[in-house]
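I opened this entry to keep a record of what I looked up, in the order in which I looked it up.

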Amino acid sequence: METNTHRIRIGRRIAQLRAEKNMTQGDLAKASGVTLANVSRMERGMYSPGLDVLSKIADALGAKIDIV
């Protein structure tokens, strides 16, 4: 799988989880400490976050990161 495909898949999942929590991108940015611009870029597959950023996002969404 190409890196771009991974970014898109992760971004869609973040957007899905955020929507399920009835959160705006701004809400997620505040809750996670990640900038709104980066939340937006992640959801659009334009930004490849590191593990630390993904961890902050997951915590804010009450989710976990599964690594295989």
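How many helices and how many strands does the chain have? I counted four helices and zero strands, taking both from DSSP runs numbered from the N terminus, with helices (H or I) of at least four residues and strands (E) of at least two. Along the sequence the pattern reads α-α-α-α.

Before going further I noted that this is a predicted model, in which local features need pLDDT of at least 70 and side-chain atom pairs count only at pLDDT 80 or more, while totals for chains, interfaces and linings use all residues. Residues are numbered from 1 along each chain as its sequence is written, and side-chain values use heavy atoms, with hydrogens and water left out.

**Overall form.** For 68 residues a compact globule would have a value near 11 Å, and the chain agrees with its 11 Å. The C-alpha atoms fill a box of roughly 30 × 25 × 20 Å along the principal axes.

I used relative accessible area with a 1.4 Å probe and protein chains only, where buried means under 20%, exposed over 50%, and partly exposed in between. By that rule 31% of the 68 residues count as buried. I then looked for nonpolar cores, meaning sets of buried Ala, Val, Leu, Ile, Met, Phe, Trp, Tyr and Cys residues joined through side-chain atoms within 4.5 Å. The largest has twelve residues, among them Ile14, Leu17, Leu28, Val39 and Ile57. Helices α1 (3–20), α2 (25–32), α3 (36–43) and α4 (51–61) each supply at least two residues of this core, and the largest share, four residues, comes from α4. In soluble globular proteins, nonpolar side chains tend to be buried together.

**Single residues.** Which residues does isoleucine 57 contact, leaving aside neighbours within four places in sequence? With contact meaning heavy atoms within 4.5 Å, I found Ile14, Leu28, Ser32, Val34, Val39 and Met42.

Leucine 17 lies in helix α1 and counts as buried at 17% relative accessibility. Beyond its neighbours within four places, leucine 17 is in contact with Leu61 and Ala63; the C-alpha atoms of leucine 17 and alanine 63 are 8.3 Å apart, although the two are 46 residues apart in sequence.

Conventions. The radius of gyration is taken over C-alpha atoms; the globule rule is 2.2 Å times the number of residues to the power 0.38.
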